[in-house]
Amino acid sequence: MGQKTVLSGMRPTGRLHLGHLSVLENWNKLQEEHYCYFMVADWHALTTSFDEPSVLKENTREMVLDWLMVGLDPEKSVIFVQSQVKEHAELHLLFSMFTPVSWLERCPTYKEQLQQFRELGKDVRTYGFLGYPLLQAADILIYKADLVPVGEDQLPHLEMCREVARRFNYLYSTKLFPEPQAYLAEVALVPGIDGRKMSKSYSNEIPLAISPKELEKKVKMMVTDPARIHPTDPGHPEVCTVFAFHRLFNRDQVDEVAESCRRGEIGCVPCKKKMTDVLTSFLTPYWERRTKLEKDPDFVWDVLKEGSQKARLKAQETMTEVREAMGLY
Ligand code: SF4
């Protein structure tokens with residue numbers, strides 16, 4: 001595959017956790033081979049949350065620090081903020097003129113998320129929330145992205161984006177928009193400390209930028225095999241969260257840990273200590289890098305300013321073509 005244009009993004013939700021790591025590792029790989037745009041999706045964040053303005057800003061800073069900490073390189077990729085490239089909003093508006101409401105209502109995530117938010121006591125039946133997959137289509141198509149890294153659950157959104165591109169090209173007899181393809185990379189499922197999926201909303205996450213003390217505390221809280229009362233009881237690693245972490249982060253010793261656990265030769269306390277050490281040495285290079293980055297309080301904002309300028313140039317170029325195709329003055 002030759003060099004492609006890639007667009008991906010995340011809502012600024014603050015510090016990222018171990019569950020985000022494989023997505024970020026994929027981004028690192030993609031930036032080596034392709035021309036990548038990585039977007040802080042701050043308008044998308046507004047479709048479901050009404051945090052204090054200062055929280056949104058701080059969340060942006062923390063998230064981008066994590067991106068840079070794990071290896072995203074502003075020399076190789078365009079790292080930018082969605083709201084700094086107003087052309088996304090214009091394209092979203094123009095797409096909304098020919099996108100049937102039923103396409104948006106049909107998105108499987110729409111009803112599912114409405115229900116999830118209702119359970120949390122939040123009513124998100126807004127125009128913005130219904131339309132966010134269309135805003136996503138504008139985010140992707142404005143850069144004429146060929147590849148979009150997505151999880152399986154996001155495939156219907158990408159299919160809608162492709163439909164929007166086809167409809168635009170058909171209505172205005174043009175080939176302006178390519179149909180982006182999904183980049184389905186393998187994403188490791190990292191459990192939270194309680195064994196459920198790692199997620200901030202369950203408060204079971206291990207942040208990438210966690211302090212060593214806090215890390216030790218979190219690993220101590222991990223759920224283990226409930227059948228093990230004494231350290232010599234034979235254990236069942238397959239039901240243990242600590243073991244799931246050994247599988248992911250301690251591959252060299254995973255068989256040894258499983259055997260010792262089954263034979264009752266290792267207690268959960270030393271097993272957790274081992275995991276704390278493994279995670280500490282895994283995360284230390286990231287922590288060191290973050291400490292360096294934090295020394296310059298303007299660095300993140302400078303990266304975003306420059307990235308947004310670069311993104312805007314491409315977005316403006318596309319919008320000139322779009323307006324011309326649509327007969328707009
Ligand atoms: S010894 Fe380790 S793998 Fe076995 S149950 Fe305890 S923590 Fe889990």
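## Close-up views of a predicted model

**View 1. Buried residues of helix H11.**
Thr 241, Val 242, Phe 243, Phe 245 and His 246 are buried in H11, where buried denotes a residue with 20 or more other C-beta atoms within 10 Å of its own, exposed one with 12 or fewer, and partly exposed one in between, the C-beta atoms being placed from the backbone. Helices (DSSP runs of H or I, at least four residues) and strands (runs of E, at least two) are numbered from the N terminus. The buried residues of H11 pack against H12 and H13, with contact taken as C-beta atoms, placed from the backbone, within 7 Å of each other. This is a predicted model, in which local features need pLDDT of at least 70 and side-chain atom pairs count only at pLDDT 80 or more, whereas totals for chains, interfaces and linings use all residues. Residues are numbered from 1 along each chain as its sequence is written.

**View 2. The shell around the ligand.**
The ligand is surrounded by 14 residues, of which Cys 240, Val 242, Cys 261, Cys 268 and Cys 271 are the closest; a residue is near the molecule if its C-beta atom, placed from the backbone, lies within 6 Å of it. At least two residues of this shell come from each of helix H11 (241-249), helix H12 (254-262) and helix H13 (268-294), and H13 gives the most, with 3 residues. By residue type, the shell comprises 9 nonpolar, 2 polar and 3 charged residues, on a scheme in which Ala, Val, Leu, Ile, Met, Phe, Trp, Tyr, Cys and Pro count as nonpolar, Asp, Glu, Lys and Arg as charged, and the others, Gly among them, as polar.

**View 3. The largest nonpolar core and Leu 141.**
Tyr 37 and Leu 141 touch the most other members of the largest nonpolar core, which holds 67 residues; such a core is a set of buried Ala, Val, Leu, Ile, Met, Phe, Trp, Tyr and Cys residues joined through C-beta atoms within 7 Å. Helix H8 (residues 132-141) gives the most to this core, with 7 residues. When residues up to four places away in sequence are not counted, Leu 141 touches Leu 91, Cys 161, Ala 165 and Phe 177.

**View 4. Gln 136 in helix H8.**
Gln 136 has its place in helix H8, and this residue counts as buried because it has 23 C-beta neighbours inside 10 Å. Not counting residues up to four places away in sequence, Gln 136 touches His 157 and Cys 161. Between Gln 136 and Glu 238 there are 102 residues of sequence separation and, from C-alpha to C-alpha, 39 Å in space.

**View 5. Strands E1 and E2.**
Strand E1 (residues 5-10) is mostly covered, with 5 of its 6 residues buried. E1 and strand E2 (residues 35-40) run parallel and are joined by 6 bridges, strands being treated as paired if DSSP finds at least two bridges between them. Within this pairing, Thr 5 stands opposite Tyr 35 in E2.

The chain is assigned domain 1 (5-189 + 297-326) and domain 2 (210-291), with bounds that come from an automatic or database domain assignment. Taken over C-alpha atoms, the centres of domain 1 and domain 2 are separated by 36 Å, while 4 residues of domain 1 are in contact with 4 residues of domain 2. On the side of domain 1 that touches domain 2, the residues divide into 4 nonpolar, no polar and no charged.

Definitions and conventions
Two residues are in contact if their C-beta atoms, placed from the backbone, lie within 7 Å.
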